[in-house]
Amino acid sequence: MEIFKYTKPLSLMAKSKRFGAVSVVLLLISLGLILFKGFNFGVDFAGGTLIQIKYEGAAPISKIREAISVDKAYEGAGVTRFGSDDEIVIKTKFSSQVLGDDVGKKMHMLLKETGKFEVRRVDMIGAKVGSELREKGLTAMILAIIGILAYVSFRFEWRFAIASVLALLHDVTIAMGMIVLFNVEVNLDILAALLTILGYSLNDTIIVFDRIREGIRTMKTSDLSTVIDESVTRTLSRTTLTSLTTFFVVLTLFVFGGEIIHGFAFTLLVGVLVGTYSSIFVASPLLMWLGFSISDYRLKEAEKLKRQKEKEKMRAMYEQGML
Amino acid sequence: MKRLNYRVVLLALALIFGIVFSIPSLTQSEQGRKITLGLDLQGGLHMLLGIKSNVAIDSKIKSIAATVKYLFDDEEIIFDDLQVNDDQRITFELLDKDDFLRAKTLLSKEIEGITLEVKDGYFTLFMTEEERIRTQKNAISQAIDTIRNRLNAFGLAEPTVAKQGQDNILVEVPGVKTQSDKDRLKKLIERAAHLQLLAVDEDRIARVATMSEEEAKSYGDVILPDVYTGEKYLLRAIPVLDGSMLTDAKVGFDEQNQPVINFTLNGQGAKIFGDFTGKYVGKRMAVVLDDKVYSAPVINERIGGGRVQISGNFEFSEAQDLAIALRSGALLAPVTIESERFIGPSLGAESIKASSLALLLGFILVVVFMVFYYGFAGVIANIALIGNLFLILAVMSLAGATLTLPGMAGIVLTVGMAVDANVIINERIRELLYQGRSIAKSIEEGYNNAFTAIFDANVTTLIAAIVLVVYGTGAIKGFAITMGIGILASMLTAIVGTHGLYEYLLPKMDKKRLKFWFGIQVEGGK
């Protein structure tokens, strides 16, 4: 079976301004959401306490709210259903440093009258740990980007590196915008998902860039947009197929993976879609807008080759001289 | 002509290796190395503890002050106004100028890690910065040892106690199932277990009800409450002996069949205890634990042999935990809780079920799709994919790695991404076939053309994974480790392995049946 059978290159570059505009609009919306609505940080990053409780039968939410509000630490705490009718999650900004103040013990005391239940999960993160985790997460992201920049510069050229990182920021930013839009709670797992998108989007972009690099070597034309059109079209089938298989898997994770993994799967779902879009329509035009020129590149490569040959020659002469 | 090439052999070896070493994990057998399930999958308690190390510094300063007093008394140096100020420095005054030099050399010789300032006969003693840091570090490592001893004695399976970062302690205890288990465990960790035997100040105790703390202090006494009744006791502040001289503590029963704690003192402690009880027959002595009086029996006779009993209205389990705490030693500084994650056993089981289902379904979808789209080339890719899965499991088993829920997600994701290499290769092969090359040439060239793309893409993803392993904590780390292993494994299975299979099958491949082998139809060719 075949979905994209190559016949002739699509004229993508001619429409690149249109795709650029779509991206800019999406980016602006996302940035607006992130700046003005802001992330819904979960306890991992904001600090606080999360308690997941399962009742035998439906959970009496209003009764629970009333019962826990007696305690100062749970004033204004959020009580929401979690997945099913009999499960709830209680969230408060409060966290205790005293070892003896066990949250489960407290719940058993406060919720005695509300029915039979089991405390299935407690996440309590002190403010200090929360900010530490946030810092570490950010450091990880920045370091990963620097590492990638260095590697791509080394293997390709600096404009390729900049273009791939821009495409990657594009994807991560839009994914973050969607997280804000759908009010997904940001915990450590969401950070992991964002970092996966980073890797995934890069993966896609590199495959296309590799083809462009090959095109520069094998095609006769010096017109970048022709090379890009040809290369993107050649890899189109692969890009969509891989995205499709990944999409399948993430979708099953989203549908069957359970409530805990929901936010994670959602973020990946968005990431796969945006990542595919950007590697086809965004990354390569960026290369052109950054002023990449094929003839300059060929010149440089030729020079590099010449220098290397000269070096080898010198070495050979030197070694012979020694002998 | 069939030929076994090294690539096929490598793939076969990888498959055998993968299957053999993942069997212990898959069957959860007793023998062999296997993957441990993370706390989020098997349930348990995870805590990050902090330590109030300034308390350790405070008590260190106080003990330095006690040493100063002891040294001066011993050397008959007359001093006055010995004080600990702001828990920072010790000040005192020397009355005789001739003693200055003697005092200085004595102090700097006998006490480590202090600096000394003198002004008009007033001495000020500071702890050096290194000594402070050393004291803090000591407090942490001592707390780690103590907590580890206590948890090991508690009897739950394989607790982890480790230092994390500069001044935190990571405690992980799998198999904590019930609320009462959790309560007992936390109490056990929290307990300072500071045991002291103090003499009752019989001359003044009649007035204790109206006495202020300051007044008690001026007599060299402290006021401490009874653990059950809250009744106040006036006790001599300097202990007869403390828990550091204890060698063993066990739960026993008294005449009323009440649980009690019997503890044994070391030689020095037994001697001090014997001398003391011999000297003070008819007086009372209080057994004090964590600044609470547990009992204050009258001394009937000299007690030799160094055996002492703590009685109280203990529950059996309470007495048992107390004995564990006493045996494992006191905490130099109190611990605090910085973060806690508790997962009940039922939730863990549910998570395993849900993510396994997702893994299985995702896997089936991908496998079916690959065959449908690529024909036999898809089958080859699927063999590599299965090999990849087993390899991940085997490597994790051998490394004794922990599988967490995000780790499961990492594996699921790897399934999606591992086929990518084969998609790239297959597309390249198809391209060449369309150009009319022979099958052998198409395969050879296809692999060559695809290699740089796959390699560069994998290396960049690997860079991201490594950064995550180094900088990530907990959940993120687990995810990145499985992803990293998955990428490396896919290089072997998806690139080398499938190439070998193609070479092996090449003699059977026929250009007339491209539909079967590669899922395409080529008309005529160029």
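Reader: Hello! In what sense do strand S5 of chain A and strand S18 of chain B pair, and what makes this a pairing?

Author: S5(A) and S18(B), residues 335-343 of chain B, pair in the antiparallel sense, over five bridges. A word on the model: it is predicted, with local features needing pLDDT of at least 70 and side-chain atom pairs counting only at pLDDT 80 or more, while totals for chains, interfaces and linings use all residues. Residues are numbered from 1 along each chain as its sequence is written, and chains are lettered from A and ligands numbered from 1 in the order in which they are written.

Reader: Why are H8(A) and H12(B) called roughly antiparallel?

Author: Helices (H or I, at least four residues) and strands (E, at least two) are DSSP runs, numbered from the N terminus. H8(A), residues 224-256, packs against H12(B), residues 405-434, at an angle of about 160 degrees, with axes 9 Å apart. Axes are lines fitted to C-alpha atoms, for helices over the stretch in contact, and angles run from 0 to 180 degrees between N-to-C directions. Angles under 35 degrees count as roughly parallel, over 145 as roughly antiparallel, 65 to 115 as roughly perpendicular and the rest as oblique. H8(A) and H12(B) are therefore roughly antiparallel. Their crossing is right-handed, the term for a near helix turned clockwise from the far one by less than a right angle (anticlockwise is left-handed).

Reader: What angle do H5(A) and H13(B) make, and why does this make them roughly antiparallel?

Author: H5(A) and H13(B), residues 439-471, pack at about 155 degrees, with axes 9 Å apart. That angle makes H5(A) roughly antiparallel to H13(B). The crossing here is right-handed.

Reader: Which residues of H5(A) and H13(B) meet, and what makes them a contact?

Author: Two residues are in contact if their C-beta atoms, placed from the backbone, lie within 7 Å. Among those that meet are A:Leu143, A:Gly147 and A:Tyr151 in H5(A), and B:Asp456, B:Ile463 and B:Tyr471 in H13(B). The residues of this contact divide into 12 nonpolar, three polar and three charged. Ala, Val, Leu, Ile, Met, Phe, Trp, Tyr, Cys and Pro count as nonpolar, Asp, Glu, Lys and Arg as charged, and the others, Gly among them, as polar.

Reader: How many residues of chain A are in contact with chain B?

Author: 61 residues of chain A are in contact with 66 of chain B. The chain A side has 31 nonpolar, 17 polar and 13 charged residues.

Conventions. Pairing = 2+ DSSP bridges.
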